[in-house]
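Hello,

Here is the structure we talked about handing over. Please open it first, then read the notes below beside it.

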Amino acid sequence: MIVLYNPLSTSPGKQPLPLSVMALAAVLEGPPSDSGVPREAWSLVDGNIVDDPAAEIIARLASLPRSEIALLAVTVMPGPQLTQAVSVCRRVREVLPRVPIVWGGYFPTQHARVVLRAPYVDFVIRSQGEHALLQLIAVLRRRGLLNSVGGLSWKAGADIVDNPVQALTTLDDLPDLPYHRVDMTRYLHKNYLGARTVAHNSSFGCPFACSFCAVVAMSNRRWLAQT
């Protein structure tokens, strides 16, 4: 079971779709097998909706048999998300010390080595995370080599290793988001655009290199748009 955790980022009633972790869920879901079972079992915990995300995450992972892979994947931006991610991951590590925790997103991409000094974070995926997450899961399952995972930063004893970032994947080559696995009524909002509105990301990255912007580290001045 892969638990995808989106920490708190906004005030009640304004919660956006957790698009970053839904993009990860899409590649975990993959095309169904002959039995109709997704490629990787996954569950989403949204801190914008769940009052106690740590308790929810622990409940979903604690009952797994030791033979089944367990992983907590967290997306983190600076600000409220970072604050809640720290407290939640600390609690999860205390209760479930064997469950690996991986962070991705703007903050860990820019500050991977700072993040990995925390005892409750095992891995950081820098830049685009869809294929890197699949690679990490495969390595954990077969006890393979961590240096084969593109964009992974990880602990090797007292040292931290930064694997080279792999080439970005165009959005047209990624699967559609699994809207059927999310309670969409929690994310539809009335605003000046209409009575039932929701956001969609149609591109990744940016061609510019503004010094104040976290997107530079994520995309290295590349901009990929859906057709």
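**Cavity and pocket**

The count comes to one cavity of 30 Å³ or more. On a 1 Å grid over the protein atoms alone, a cavity is a set of points where a 1.4 Å probe fits but cannot get out; a pocket is an open set with protein on both sides within 12 Å along at least five of seven lines; lining residues have an atom within 4 Å of a point. Grid points are joined across faces, edges and corners, and a volume is the space filled by probe spheres set on the points.

Before going on, note that this is a predicted model: local features need pLDDT of at least 70, side-chain atom pairs count only at pLDDT 80 or more, and totals for chains, interfaces and linings use all residues. Residues are numbered from 1 along each chain as its sequence is written, and side-chain values use heavy atoms, with hydrogens and water left out.

The largest cavity holds about 80 Å³ of space. Its lining has 14 residues. Nearest its centre lie Gln128, Gly129, Ala132, Gln166 and Ala167.

The largest pocket holds about 1,200 Å³ of space. It is lined by 42 residues, and Leu19, Ser20, Val21, Ala23 and Asn201 are the closest to its centre. Two or more lining residues come from each of H1, S3, S4, H6, strand S10 (203-205) and helix H7 (215-219). Helices (H or I, at least four residues) and strands (E, at least two) are DSSP runs, numbered from the N terminus. H1 gives the largest share of this lining, six residues.

How many residues of S1 are buried? Five of its five are, so S1 is mostly covered. Buried means under 20% relative accessible area, exposed over 50%, and partly exposed in between (1.4 Å probe, protein chains only). Ile2, Leu4 and Asn6 point one way from S1, while Val3 and Tyr5 point the other way.

Strand S2 (residues 42-46) also has five of five residues buried, so it is largely enclosed by the rest of the structure. Trp42, Leu44 and Asp46 point one way from S2. Ser43 and Val45 point the other way.

S1 (residues 2-6) pairs with S2 in the parallel sense, over five bridges. Two strands pair if DSSP finds at least two bridges between them. Asn6 stands opposite Asp46 in S2. Tyr5 stands opposite Val45 in S2. Tyr5 also stands opposite Val74 in S3. S1 and S3 run parallel, joined by four bridges.

Glu29 lies in helix H1 (residues 19-29). Is Glu29 buried or exposed? Glu29 is buried, because its relative accessible area is 14%. Its side chain makes a polar contact with the side chain of Trp42, at 2.6 Å. A polar contact is a pair of N or O atoms within 3.5 Å; within protein, one must be able to donate a hydrogen and the other to accept it, and residues adjacent in sequence count only if both atoms are side-chain atoms.

**Helix H6**

H6 (residues 130-142) has 13 residues. It reaches 19 Å from its first C-alpha to its last, close to the 18 Å expected at 1.5 Å a residue. The expected span is 1.5 Å times one less than the number of residues.

Which residues of H6 are buried? They are Glu130, Ala132, Leu133, Leu136, Ile137 and Val139. What covers them includes S1, H1, strand S3 (71-75), strand S4 (101-104), strand S5 (123-125) and strand S6 (152-156).

Arg143 follows H6 and sits in the loop between H6 and S6. Its phi is near 55 degrees, a positive value in a residue other than glycine. Arg143 is exposed, because its relative accessible area is 78%.

Asn220 lies in the loop between H7 and strand S11 (223-225). Asn220 is not a glycine, yet has a positive phi of about 50 degrees. At 64% relative accessibility, Asn220 is exposed.

Thr169 is in the loop between strand S7 (159-162) and strand S8 (189-191). At 13% relative accessibility, Thr169 is buried. Its side chain makes a polar contact with the side chain of His131, at 3.4 Å. Leaving out residues up to four places away in sequence, Thr169 touches Gln128, His131, Leu174 and Leu224. Contact here means heavy atoms within 4.5 Å.

Best wishes
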